[in-house]
Amino acid sequence: MDTLYRKKALFIDRDGVIVIEDQIDSYEKIIYMPHVFEALREIRKLSDYEFVMVSNQDGVGTPSFPFESFSGPAERIFSTLEGEGIVFDDVNIDYSLPSDSCPGRKPGTAMLSSYMDGSYDLSQSFMIGDRLTDMMLAKNLGARGIWYTDSDEPVPEDLLDTVALKADSWLAIASFLTLGGVKEHRKASVDRKTNETDISLSVDIDGTGRGHIHTGIGFFDHMLDQLVKHSRFDIEGSVAGDTYVDEHHTVEDMALALGSAVLSALGDKRGIERYGFEIVMMDDTAATVALDFSGRDELIYDVEFTMDYVGSFPTELIRHFFRSFSSAAKCNIYISAVRNGNSHHTAEAIFKAFARAMRRAVRRIPGDDTVASTKGVL
């Protein structure tokens, strides 16, 4: 065995990942996930992973799922993938039922024993799946997991070291895996100390939405938690501010620090979407946010709150937060919200929409290493 080079594999689930989650026992049920062809072609072209399908197909060969009902659609899926330039190097399918406790059924590894003989670098291999059992399989293999889901469910504690990416888009997965292998996470840290505040902040914009920013202002912390969760940035930070004066300096300086960290993490902005847009409803209100990492700062703010305070937090400081972030991150931000909504709901919808717009704007475009500007610089 050549110990200097070990192969890498992408273990890929089928239902819920390549095609929609269903018992696919007829051709009409074959519906492909968005961008799956584009993404898999890019991964095949720009990486050296072998493609290995790993799928549980419950009860194939039983009266409830006759083999002939499974085989025709399965062959159609493979022939369509091949026609799109996507060929699997190996296919492993377990036909057992959960009650059979078969060792080959995910998250068991019995089907994949040949990949565990040392010829594969499993630490640099990935399992792509839509279920936590897929992530458990990755852990059992000694590989890493890419959890393909749009769920807000957090990664369980025992899988935090296994799940390398939680993504709701094949484009995001392709971006993560291509252009020289797994890209380094875009990270930045900011320490900012003035006579009014002392801030320490770290940001990983390729995270999974973990972390917390402690400012000592309850409602503001709650809004920042929304930002972390829905941007899927990993952010840790704290502020010691002069809140005995009022909240103004803490809110302003946190926005400046966060904007500076995001700008630094983006680097030269090559390959990013640049623009982000989101609408978020929350009960009796809705917020719209558009964002452009243009290299220029501007805030258009069309929001009226029904109350001057949420708890003890002045709602006027929400505008000031985004004005300050725009200045430091050098981005254009447009924010509007439905009038007469509950003020807490309005603020929360704004922060959620802003977070999701940022997530879209910083997303890497698979195979693209250019700057999204005719000027060539942002």
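A residue counts as buried when its relative accessible area is under 20%, as exposed when over 50%, and as partly exposed in between (1.4 Å probe, protein chains only). By that rule, 53% of the 378 residues of the chain are buried. This is a predicted model, in which local features need pLDDT of at least 70 and side-chain atom pairs count only at pLDDT 80 or more, while totals for chains, interfaces and linings use all residues. Residues are numbered from 1 along each chain as its sequence is written, and side-chain values use heavy atoms, without hydrogens and water.

**Overall form**
- The C-alpha atoms fill a box of roughly 70 × 50 × 40 Å along the principal axes.
- Eight helices and 16 strands make up the secondary structure; these are DSSP runs, helices (H or I) of at least four residues and strands (E) of at least two, numbered from the N terminus.
- Among contacts (heavy atoms within 4.5 Å) with a separation of 6 or more, 70% join residues 24 or more positions apart.

**Surface and charge**
- The chain exposes about 16,500 Å², of which carbon and sulfur atoms supply 48%; the areas come from the Shrake-Rupley method with a 1.4 Å probe.
- There are 38 positive and 61 negative side chains, with the centres of the two sets 5 Å apart; Lys and Arg count as positive, Asp and Glu as negative.

- Strand 5 (residues 144–148) pairs with strand 6 over four parallel bridges, and Ile-146 stands opposite Leu-165 in strand 6.

Terms used:
The place of a charge is taken as NZ of Lys, CZ of Arg, CG of Asp or CD of Glu. Two strands pair if DSSP finds at least two bridges between them.
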